Every structure is written in C-alpha cells, then in structure tokens.
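Student: I've got a model open and I'd like to take a close look at just one part of it. Could you walk me through it?

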Amino acid sequence: SNQQMPEEWNYMSRGINHMMADKDGRLWMCVNNGGVITADVSPRLFTSFHLMPPLLSTRTDIINSITTDKKRNLWLGLNNCGLAMHNMSTGLTTMCNFTSSGNGITEQSEVNKVFVTSDGTLLAGTRKDGILLYKNGRLTRKYNMSNSHWLKNNCVYSFLELGDGNFLVGTWNGLCLMNIDGSGRYLNRIGTTDISRIHILAITRTGRNDYWLSLIFGIIHITGDINHPETMHAKVYSYEGTSPSVSPPDAFLNVSSNRDPKHYHLGGIFKILKDHQGRIWACTSEPGLLLYDAHLDAFVSVSHLYGIPGDNVHSMEEDSHGCLWLATNDGIARLRLSDQTNEASLKMFTIADGLPDNYYGNAVSCSLDDGRICFGNYNSVTIFHPVNFSERGKNKKAFITDIKIFNQSISEMDSYIMYDI
C-alpha cells in the first residue's frame, strides 16, 4: 500500500506526466517532483518453479538429476523424496511414489540418476536400491545385487543407451552392460585395466566405439567394441595428462603445492560433453571447466582463461548456436566460443537477471527438444530458451560527450583551467 511505501519511493501518487519504452525493453517515466524513473519491462528470460512442502515430505531436498520425455514432462531425481514429475504444459508438479506390492517394491529410493530410454521407459539409478524401471507411469521392475548377478553395487550413478535394449550402467564399483530384460554382464576390466574399484558418475559416448567415463577424481577414455571389453583400450587422466594407474588419485593429495601452474588436483568430474565443433569438455568441482587438448593428450583447465569465476563448474549444456551454458558458484554462465578456443566471451546471469539464486554450484541440467535448457538446483528448476537472450549493447560503445564540474561544462571553462584538467 502507499502508506507502507517510503515517501521518496511513492512516485505514483505524484503523477506521471510522460512515459516511453526504448528498444531494449526499458520503460522510462517522468514523475512530477520525482525526476525520471526507469523499469525493465522486457519479457522474463528465466522461468522457475520450486519443490516445497506440502509437495515434499521434507522442507528441503536436492535435485540430483533431471531429464525430459517425449510427453513434455520433466523428471527429477531427488535426494530424499524419490521422483517428481513436472508437466511443462500444465505447470503441475507431482510426486511419483508408486508402489507395487506384487513385486516387492514398497517404497521409493534416493535417486542419483533419471534416464528416459528411446521407447519411453524410465530408469532410476538409486543410492542403495539398485535400478528401478517405470513403464507408463508404473514401477514395474527392480534390479539389485540380490536378483542381478551383474550388479556388484546397488549405488547406481549413470546410464548410456547403446541400442537394441542394451545399456551401459555406471556404479560405485565400476561398469555394467545391462539389457532392459534384466540380463547383463559386469565389466570388471577394460583390456588389461581393472576398473572394478572406480566410481563412475557419468558416461559419454563421442563416437561409435569411443566412450568417456567421469570419475570422482579423474577421467577414463575407453575405445573399442564394448561387447568385447577384453579387446578394448583404456587410458586414465588424473592430473594433467595420463596416469598408468587406474586407482583414483588420493583425495587429500595436495597437488596445488607444486609451483608449476599446469599441475592441479582434479575434483569430481560431473559431465563430459562433445560440442558441435568436436571439442571435448569436462566440468568438475576443481579446477572448473576442462578442455581436452589432443596434441598434449591432456585435459587443460580453461576457467581462468575465459574468466569463469571460481573453480567449480557443476554442469553444462550446449545450445544451437554453439554456446556453452555453465552452472557455477556465482550463477549461470554463457560462454560464447569462436572456432579458436582462445577467443571467447563470457556473460554471467544472476538474481539480477531473474534467477532464483546466485549459487548453482550443485546444479544438474538437461536440454529439451525445442532448444530450451533446464537447470535443477537444490529444490528449484530454472528453464530458459537461449534464443531469447538478445545481445543488448553488444556493439554499443560508450562515448564521453561532456564533463561538468560544479554543474559547469568543461567546454565553458577558461583554457588554462582545461589545461590543468
């Protein structure tokens, strides 16, 4: 109400004698005895929704994974409350606590990963209960260590669809080859390399026989026919370059004490992406955004080169124009790249631009078929379309047209005063 508004802000009661909108979407108002007021009335760039009680059984939750299906639904894997589905057509969000006493499934689990297959089946990788399968909104199967000999740990992090009903599954204890019918094979070795003790957070396919495994403290590049893992080749990237050992580097090893700035400690590798130029990117908690250099055969940190704040990039997506959208500790970053990786421009988006929070250091992401990008962050989801971000002011330059001292233009001053200035 006007009674609660400070008098210096209460310009509406004073009357507005003129208003106009500029081409950048700002409204300008001339206020009686109040000067000029401006407001941004351009369309919102970001839309968000939140998961809050009573929808959630707990006051807060963490979105561990996000994906979409062909019915315009967003599926969210939650840390405490299982699965949630958001219908983007109606804007309604529902919890999916399906149960089926007939097959012994009586409760939902902590979900690390949600994945929608080409035929619409939903796979949920859980923290302690293996893999859950949903078909047509119904929880139908559960694969775990007790009923699936190929699953050596019930903590499941990632899926990659290979075709013909076959999937690669990343777990707390290595890699599995799974068929949707429940059969499978445990891949404890790739070639001569033992991968049974590594924690695979994500799996990326960049070619027919080319795969990248994201680990808690490194990256493994495997090549060859996945159906014949004994003939494949594995290469491990830990710090800068390759390591002969598959064991993850010691989490407490202080590599930063080495004064060579090219050496650094790798944190968790959350996602690996191949862009439309064929470049391989990795995002990590330390040291931020990595770019694979084929000449060095190494992943090189480029966060400081591009001015990305902090050392944490938790997720990323590429839009149709080749820009990378990054989740950071200081908001969402858009990295516009040229064909040369040493030329780039960075734009940060924060609460001031309509985000619900500045911190996206734990965000997960996915891209929709219509070009929109979604970031799930704690218990909120942010959705936007990159084409809506006009390059306001991109080619505009600031020019100094006048300098005034005590309200007197410098051009009106004596020449000796101008000389001293």
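This is a predicted model: local features need pLDDT of at least 70, side-chain atom pairs count only at pLDDT 80 or more; totals for chains, interfaces and linings use all residues.

By class, how many nonpolar, polar and charged residues are in the lining of the largest pocket? And what else can you tell me about that part?

Tutor: Sorted by class, the lining of the largest pocket holds 20 nonpolar, 14 polar and 10 charged residues. That makes up a lining of 44 residues, around a pocket with a volume of about 1400 Å³. If you want to find the middle, look for S65, K113, A202, K271 and S365, which lie nearest the pocket's centre. Several strands give two or more residues to the lining, namely β5 (63-68), β9, β13 (156-163), β19 (200-207), β24 (269-274), β28 (313-318) and β32 (364-367). Of these, β5 gives the most, with 6 residues.

Let's stop at β9, one of the strands on that list. Strand β9 covers residues 111-116, and it is mostly covered, with 5 of its 6 residues buried. Its partner is strand β10 (residues 122-126): the two run antiparallel and are joined by 5 bridges. Zoom in and you'll find F115 standing opposite L123 of β10. Between the two strands of this hairpin there are 5 residues, and G120 takes a positive phi near 90°.

Now go back to β5 for a moment, which spans 63-68. I63 and I66 are both in contact with G376, a residue of strand β33 (residues 373-377). Leaving aside neighbours within four places in sequence, G376 also contacts N362, A363, V364 and V381. How covered is G376? Its relative accessible area is 0%, so it counts as buried.

Take L168: beyond residues up to four places away in sequence, L168 touches several others, including F159, L175, L187, I203 and Y211.

Terms used. Residues are numbered from 1 along each chain as its sequence is written. Side-chain values use heavy atoms; hydrogens and water are left out. Buried means under 20% relative accessible area, exposed over 50%, partly exposed in between (1.4 Å probe, protein chains only). Helices (H or I, at least four residues) and strands (E, at least two) are DSSP runs, numbered from the N terminus. Two strands pair if DSSP finds at least two bridges between them. Contact means heavy atoms within 4.5 Å. On a 1 Å grid over the protein atoms alone, a cavity is a set of points where a 1.4 Å probe fits but cannot get out, and a pocket is an open set with protein on both sides within 12 Å along at least five of seven lines; lining residues have an atom within 4 Å of a point. Grid points are joined across faces, edges and corners, and a volume is the space filled by probe spheres set on the points. Ala, Val, Leu, Ile, Met, Phe, Trp, Tyr, Cys and Pro count as nonpolar, Asp, Glu, Lys and Arg as charged, and the others, Gly among them, as polar.
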